[in-house]
Each structure stands twice: as structure tokens, then as C-alpha cells.
Amino acid sequence: MDYSIQQRAELIIAECMNISGTDPYEIFHTIAQRDFIRIHGPEHHVLDGACILTAFHNAGGDIDLNSALLKLMEEGLRMPGAVCGLWGVCGAVMSIGAALAIIDGTGPLSTEDWGSHMEYTSAALARLAKTGGPRCCKRDAFSSMEQAVEYIEKRYKITFDMLPIKCDFSSYNTQCIGKRCPYNI
């Protein structure tokens with residue numbers, strides 16, 4: 001089936017509402033195998049942050065998961081595809097940055113904590129820049145999630161049951177960088 005980006009986003013939110021795990025990678029891996037998630041695509045602008053919000057909530061984080069996911073979907077759908085190459089900022093990082101802003105309760109007029117999640121995004125983008133391209137929405141999601149877990153564990157004292165990440169999507173990615181990828185198995 002050929003899903004619209006809106007349909008993909010809605011399916012991601014529905015999946016997240018029915019997952020109980022606290023490992024954002026496992027949540028991501030479960031959903032990323034569904035037929036409505038492409039190897040690359042702007043649905044990652046919803047998926048990546050949604051996995052962080054879901055794991056955060058399931059690990060005891062104080063958010064209304066449904067409201068948080070709907071807000072993230074709204075923000076993620078505003079992000080165009082290919083921003084990594086065209087704008088110089090990765091959609092995975094933006095998605096998770098939006099999730100952290102939702103957790104932190106910040107907005108453009110916030111005074112306290114205004115830049116806290118920007119520390120995350122700058123560190124996450126630096127990690128991606130070191131790995132280099134071409135694009136890989138899965139690799140970028142994994143790296144961004146690892147950075148977010150560090151941020152959340154430090155800031156909120158929430159522990160995730162996160163296993164080491166190993167990519168098993170490479171055979172679907174014609175641009176896979178192979179051994180240069182930190183998640184290559």
C-alpha cells in the first residue's frame with residue numbers, strides 16, 4: 001500500500017500507544033519493520049522522537065503520552081524530507097529535539113531550560129557529522145537516540161533498558177556505508 005506521510009505518522013502514533021518497553025531502539029526496531037516505514041523518509045521525523053517519548057513514559061517519565069505523541073506528530077509533519085542534505089540538520093535530531101522540548105516543556109519564549117535540549121541537538125549533530133554521509137535515516141536515528149538517552153538519564157535520572165544497537169537494515173539501504181557505520185553488524 002502507498003501510504004501518505006499523514007497516514008504513516010498516524011500509524012506510528014498508534015503503534016507507540018501500544019508498546020510497553022523502555023528501550024527506544026527496540027521500540028524503533030519494532031515499528032521500523034512495519035510496511036508503512038520506508039528505509040529513508042520523512043516519517044522518521046515522527047518515528048524517532050516518538051520512540052524516545054514512548055520509552056521515557058514507559059520508564060516512569062512524567063508526560064501524558066497521547067498528548068505528547070500528538071504534539072510530536074504535529075511538529076514532525078512540519079519537517080520536510082531531505083533536510084539533512086539540503087538544510088544541514090538531520091530530521092532524526094530535529095525529531096528527538098522536539099521530543100525533548102515536549103518533555104522539558106519548552107517553547108520559543110521559554111526563559112528557563114530554553115537551551116537545554118539544544119545542548120542535545122548540537123552534540124547529536126556533531127556525532128552525525130563525524131560519521132559522514134550519504135544519508136541513512138536508520139543510522140541517524142540510532143546515533144540520535146543514543147545521545148538522547150544520555151541526556152535523559154542525566155537530566156531526569158530515568159534509566160532505559162537499552163541494549164547495544166546493531167543495524168539489520170543495511171541490506172535495504174543501497175547507500176549503506178558498511179564498515180564506516182558504527183552500527184554495522
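How far is the sulfur of Cys 136 from the closest cysteine sulfur, and which residue holds that closest sulfur?

A: The closest cysteine sulfur to that of Cys 136 is in Cys 167, 6.0 Å away, which is too far for a bond. The model is predicted, so local features need a pLDDT of at least 70 and side-chain atom pairs count only at pLDDT 80 or more, while totals for chains, interfaces and linings use all residues. Residues are numbered from 1 along each chain as its sequence is written, and side-chain values use heavy atoms, with hydrogens and water left out.

A disulfide is here a pair of cysteine sulfur atoms within 2.5 Å. By this rule the structure has zero disulfides. Cys 90 is another case: its closest cysteine sulfur, in Cys 84, lies 6.2 Å away, too far for a bond.

Cys 136 has a relative accessibility of 9%, so it counts as buried. Buried means under 20% relative accessible area, exposed means over 50%, and partly exposed is in between, using a 1.4 Å probe and protein chains only. Cys 90, at 7%, is buried too.

Next comes the space beside Cys 136. Rolling a probe the size of a water molecule over the atoms shows where empty space is left. On a 1 Å grid over the protein atoms alone, a cavity is a set of points where a 1.4 Å probe fits but cannot get out; a pocket is an open set with protein on both sides within 12 Å along at least five of seven lines; and lining residues have an atom within 4 Å of a point. Cys 136 and Cys 167 both line the largest cavity, and among the other lining residues are Ile 39, Phe 169, Cys 176 and Cys 181.

That cavity has a volume of about 70 Å³. A volume is the space filled by probe spheres set on the grid points, which are joined across faces, edges and corners. A search of the whole structure finds one cavity of 30 Å³ or more.

The lining of the largest cavity has seven nonpolar, three polar and two charged residues. Ala, Val, Leu, Ile, Met, Phe, Trp, Tyr, Cys and Pro count as nonpolar, Asp, Glu, Lys and Arg as charged, and the others, Gly among them, as polar.

The largest pocket, for its part, has a volume of about 490 Å³. Its lining has 17 residues, and His 117 is one of those nearest its centre. By class, this lining has nine nonpolar, five polar and three charged residues.
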